Amino acid sequence: VDHGKSTLIGRLLYDTDNLYIDRIKEIQKASKEYGKEKINFSFFLDYFQDERKKNITIDTSQIPFKTDTKTHTIIDCPGHVEFIKNMITGAAQADSAVLVVDAKEGVMEQTKRHTFLLNFLGIRHVIVAINKMDLVEYSQEIFQKVKDDTKEFLKHLELYVRAFIPVSAECGDNIASKSDNMKWYDGVSLLKLLDNYDVSDDGIDKGLRLPIQSIITHGDDIVYLGKVESGRIKRGDIVTVSPNNDKASIYSILKFGEELEEAEAGDNVGLKTNVPLKRGDVLSYENDLPHTDKEFQANIFWMSKMPYSANEILTLRLATQECSVAISCFFQKLDSATLKGLGDSETIGLNEAGVAMIKTFKEVVFDKFNYIPEMGRFVLEKDGVIVAGGTII
């Protein structure tokens, strides 16, 4: 909370000329209306009036960000504990993360919780930006202490920290270019780190996974729509349809009305086959099939103020599948902010995490999260409201 995430991004966009002049003038005017003499860079991302008044991010914002060599999509996520669902929604779409830590406040409870959630969501690559260095007189000693404290917490998690970088988002130090105020820092700017950072894993070289999302009919013509989550699919191939283990021949692949010979991970396509398909079916090749089962073990993060009661019925949403489920027990339960173990039990409460055994009312198709994330990440709902997120282990 208020460690400067939106300000850092606003400064980055401003210093790299990724903003229209009219937008800059609008923010200059808005900053003055809220009593700010200089530009409030967080306003470039905090669109809502409530956010500007309270100086916190409520919703996630996405904005394309171009440099001389790359195009990034920045997802600005809220830090406040009340908006943890919004943070997860944003972070679940990211390839890597910038964790912002206030140099004055150091590692706080929400720093630990959000770091845990990055690990939980499978985001392994992180840059730690220690912000507001101008407020500690650009002290190398304070930077080193915050860095050491962050490292101490991170060592318990499976995160790879690409770099620790001292910055001042307010003043622009080490954001788009190196700062003269911290000559003791021998690294590069945040912009340089991002441009030289490649954690892409488009899933093309993994096994085919194509969940069917919807069906379009035109007379006798039936087209099955879905996204290729991983691997490739070719016209003329024979695929396995899970969970029923049927075989289907692909005789047409369409993308925006154009006939394709092949589609790959990331493509949204329409298929014509020789057998009927339904929403929730998953296409793959026989030599690399997903799991099909009525139970699995998963990491769970509980997001509802109402705790889970033993064997309570919830709705699972996994890829395009929907199914009633119950959680039989929780192992290795812990507090997400402190990583303190809470013991095994049949219940779980707000912002607690644990390893759970989930039993489904029908067979579901899945992969381990660390193999194909899109087939191993899910949410749990109760009465149409998301109460938990999870990853299959």
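How much of the contacts in the chain with a separation of 6 or more do residues 24 or more positions apart account for? They account for 67%. Contact here means heavy atoms within 4.5 Å.

This is a predicted model, in which local features need pLDDT of at least 70 and side-chain atom pairs count only at pLDDT 80 or more, while totals for chains, interfaces and linings use all residues. Residues are numbered from 1 along each chain as its sequence is written, and side-chain values use heavy atoms, with hydrogens and water left out.

Start with the whole chain. It holds 7 helices and 21 strands. Both are DSSP runs, numbered from the N terminus: helices are H or I with at least four residues, strands are E with at least two. Of the 393 residues, 51% are buried. Buried means under 20% relative accessible area, exposed means over 50%, and partly exposed lies in between, with a 1.4 Å probe and protein chains only.

Now find an open sheet of 3 strands. Its order is β3-β4-β5, and the pairing is parallel. Two strands pair if DSSP finds at least two bridges between them. The edge strands are β3 (97-102) and β5, each pairing on one side only. Neighbouring strands of this sheet are turned by 20° against each other on average, direction ignored. Such angles come from axes, which are lines fitted to C-alpha atoms, for helices over the stretch in contact; the angles run from 0 to 180 degrees between N-to-C directions. Look at β4 (residues 125-131). It is joined to β5 by 6 bridges, and the two run parallel. His125 stands opposite Tyr160 in β5.

A helix packs on this sheet. It is α6, and it touches β3, β4 and β5. The direction of α6 makes about 160° with that of β5. The helix has 15 residues. From first C-alpha to last it reaches 21 Å, close to the 21 Å expected at 1.5 Å a residue. The expected span is 1.5 Å times one less than the number of residues.

Which residues of α6 are buried? They are Phe143, Val146, Lys147, Thr150, Phe153 and Leu154. Seen down the axis of α6, these buried residues fall within an arc of 125°, so they line one face of the helix. The arc is that of the directions from the helix axis to the C-beta atoms. An α-helix has 3.6 residues a turn, so residues three or four places apart point the same way. The buried residues of α6 pack against β3, α5 (109-120), β4 and β5. On the other side of α6, Glu141 and Lys145 are exposed.

Next come the aromatic rings. Rings of Phe, Tyr and Trp (its six-membered ring) pair if their centres lie within 6.5 Å; planes under 30 degrees apart count as stacked, over 60 as edge-to-face and the rest as tilted. By this rule there are 4 aromatic pairs. In one of them, the rings of Phe143 and Trp184 have centres 5.5 Å apart and planes at 45°, so the pair is tilted. This pair links distant parts of the chain, 41 residues apart. Phe143 is in helix α6 (residues 140-154), and Trp184 is in the loop between β5 (160-166) and α7 (190-195). Phe143 counts as buried because its relative accessibility is 5%. Trp184, with a relative accessible area of 26%, is partly exposed.

Phe296 and Phe378 form an edge-to-face pair, 5.7 Å centre to centre with 65° between the planes. Phe296 lies in strand β15 (residues 291-302) and Phe378 in strand β20 (residues 377-382), so the pair ties together parts 82 residues apart in sequence. Both of these Phe residues are buried. Ring pairs link Phe296, Phe366 and Phe378 into a cluster.

Turn to strand β9 (residues 238-242). Here 4 of the 5 residues are buried, so β9 is largely enclosed by the rest of the structure. It runs antiparallel to β10 (residues 246-255), joined by 4 bridges. The bridge partner of Thr240 in β10 is Lys247. The hairpin of β9 and β10 has 3 residues between the strands, and Asn245 there takes a positive phi near 65°. β9 also pairs with β14 (residues 282-284), antiparallel, over 3 bridges. In β14, Leu283 is the bridge partner of Val241.

Finish at Cys329, in strand β17 (residues 321-335). Leaving out residues up to four places away in sequence, Cys329 touches Ser345, Val355, Ala356 and Met357. Cys329 and Gly354 are 25 residues apart in sequence and 9.6 Å apart in space, C-alpha to C-alpha.
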